[in-house]
Amino acid sequence: MIERIKQEWFSNPRSDILAGIVVALALIPEAIAFSIIAGVDPMVGLYASFCIAVIISFIGGRPGMISAATGAMALLMVPLVKEHGVQYLLAATVLTGIIQLLFGIFKIGKLMKFIPRAVMIGFVNALAILIFMAQVPHFAGISTLTYIFVAVTLIIVYVLPRFFKAIPAPLIAIVVLTATAIWGNLDLGTVGELGVINQSLPSFLIPNIPFNLETLQIIFPYSISLAVVGLVESLLTSSIVDDMTETDSNKNKEARGQGIANIITGFFGGMAGCAMIGQSVINVKSGGRTRLSTFVAGVFLMFLIIVLGGVVVQIPMPVLAGIMIMVSIGTFDWSSFTYLRKAPKSDAFVMLATVIVVVVTDNLAIGVLLGIILSAIFFASKISKVSVTSDNKGYKTTFKISGQLFFASVEGFVNAFDYNVKDKDIVLDFSNAHIWDDSGVGAVDKVVIKYRANHNHVIVRGLNASSEKIVNRLAVYHDSNAQLKSH
């Protein structure tokens with residue numbers, strides 16, 4: 001127990017603390033921006049980021065991953081806040097957490113194995129594009145000085161680590177360029193222009209709403225959407241951090257942790273949140289590896305608000321935009337262009353479709369779901385080819401079936417036979433085939449009954465144990481004189 005705590009918390013303290021500080025600085029404008037998107041006070045997003053980051057550091061399943069208020073979640077909240085107000089949002093946040101906690105208890109994390117690699121690549125690339133697009137308003141067409149600060153930020157974060165690695169380059173960029181902007185009284189957009197920051201701690205509150213069925217009917221559709229989107233983004237981000245750090249994580253524990261974090265956040269005036277791929281990448285690239293980095297990010301975020309709020313509001317937005325551009329460049333899977341050329345066309349199409357849908361809809365869940373559905377359709381199409389070969393010996397014809405017999409392949413299977421023969425012994429040999437579902441059993445019934453209609457004697461043989469079990473349970477051709485043999 002002690003050894004595990006040391007490993008998960010204190011195996012990398014110096015880098016974790018510095019990485020957490022960098023993440024906290026980058027969280028502030030994001031949390032404010034997401035609050036504005038959702039139509040709530042900036043403090044709702046900031047409180048959420050503080051609460052979720054601190055709580056998830058203790059109970060999450062992926063050390064070193066950053067969770068807070070996110071844009072994907074904020075977009076789903078807009079209609080609820082507009083029609084019913086922030087109190088209903090807080091209640092929906094609590095319910096979101098309860099749903100996620102139940103997902104974790106029922107081990108929803110195991111569903112991650114059903115997300116194909118093509119969808120994962122598309123998800124990552126779409127997020128990289130969305131992160132970049134979100135920065136464009138903070139520097140495009142504003143002033144030459146803004147472009148200069150973005151360029152200098154990028155130079156610092158890319159060049160400085162070649163010569164000096166003791167302090168994360170993004171932290172140096174923020175401190176040096178903020179000091180330059182303040183002392184030089186430079187005309188640049190700042191964090192303070194995004195919204196007002198109140199220098200106060202979050203306090204416990206129960207959402208001021210009627211606790212009845214009508215309220216549940218209002219918030220439940222939003223909560224289920226938030227829960228699904230939040231878990232999709234969290235579990236996919238967890239897998240990405242797994243790959244970046246070459247470590248494993250507990251997906252079901254992460255789902256439970258996200259749920260508990262959102263439940264508590266809703267009672268402290270925060271909006272629902274989930275894992276953030278941008279901030280998680282910043283954390284990892286800045287050296288963050290353990291739970292300490294996530295904890296420091298949350299605590300230092302609140303320290304910045306309470307103690308250094310006056311300074312934080314003066315941080316130039318071009319500097320933070322430059323850091324997030326670095327994140328988007330680092331997040332994008334540049335090997336995707338090679339992947340598009342070398343991967344099967346169906347996989348390449350799924351990857352592109354996932355990217356396009358996520359970017360167009362700004363909804364990660366829709367893009368990922370479409371990618372999974374397309375992958376399933378292409379996979380079903382690939383394995384739906386069933387071959388039937390015949391061996392004629394006098395009055396006996398043996399048909400050898402090879403392939404997977406299920407709903408997508410039954411038409412080709414049924415059409416592969418010539419039903420005009422009469423008064424013969426017909427053997428259907430399934431030694432190289434597998435029957436998966438009721439459609440497959442129905443197709444076997446159809447073939448057997450058609451041959452019997454022409455006075456043929458039909459034998460079914462070679463069924464493996466699984467196929468024989470479903471055939472015995474569902475087939476109707478047993479009622480005739482045909483024999484069922486398993487060998």
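Predicted model: local features only at pLDDT ≥ 70, side-chain atom pairs only at ≥ 80, totals over all residues.
In helix α1, which covers residues 2-9, Glu-8 and Arg-4 stand 4 residues apart, so about one helical turn separates them. Their side chains meet in a salt bridge, with a distance of 3.7 Å from N to O. Arg-4 is partly exposed, its relative accessible area being 40%.

A second pair joins the side chains of Asp-242 and Arg-62, again in a salt bridge, here at 2.6 Å from N to O. Asp-242 belongs to helix α9 (residues 213-245), whereas Arg-62 sits in the loop between α3 (42-59) and β1 (67-69); the pair therefore ties together parts that are 180 residues apart in sequence. Both Asp-242 and Arg-62 are buried. For Asp-242, the relative accessibility is 8%, and this residue counts as buried because the term applies under 20% relative accessible area.

Asp-242 has a further partner in Lys-251: the two form a salt bridge in which the closest N and O atoms are 2.7 Å apart. Lys-251 is likewise buried, with a relative accessible area of 13%. Salt bridges that share partners also join Arg-4, Glu-8 and Arg-291 into one network. The pair in helix α1 described above, Glu-8 and Arg-4, thus returns here as part of that network, together with Arg-291.

Note on methods:
Residues numbered from 1 in each chain as written. Heavy atoms only, no water. Salt bridge = Lys/Arg side-chain N within 4 Å of Asp/Glu carboxyl O. Helix = DSSP H or I, 4+ residues; strand = E, 2+ residues; numbered from the N terminus. Buried < 20%, exposed > 50% of the residue type's maximum accessible area, 1.4 Å probe, protein only.
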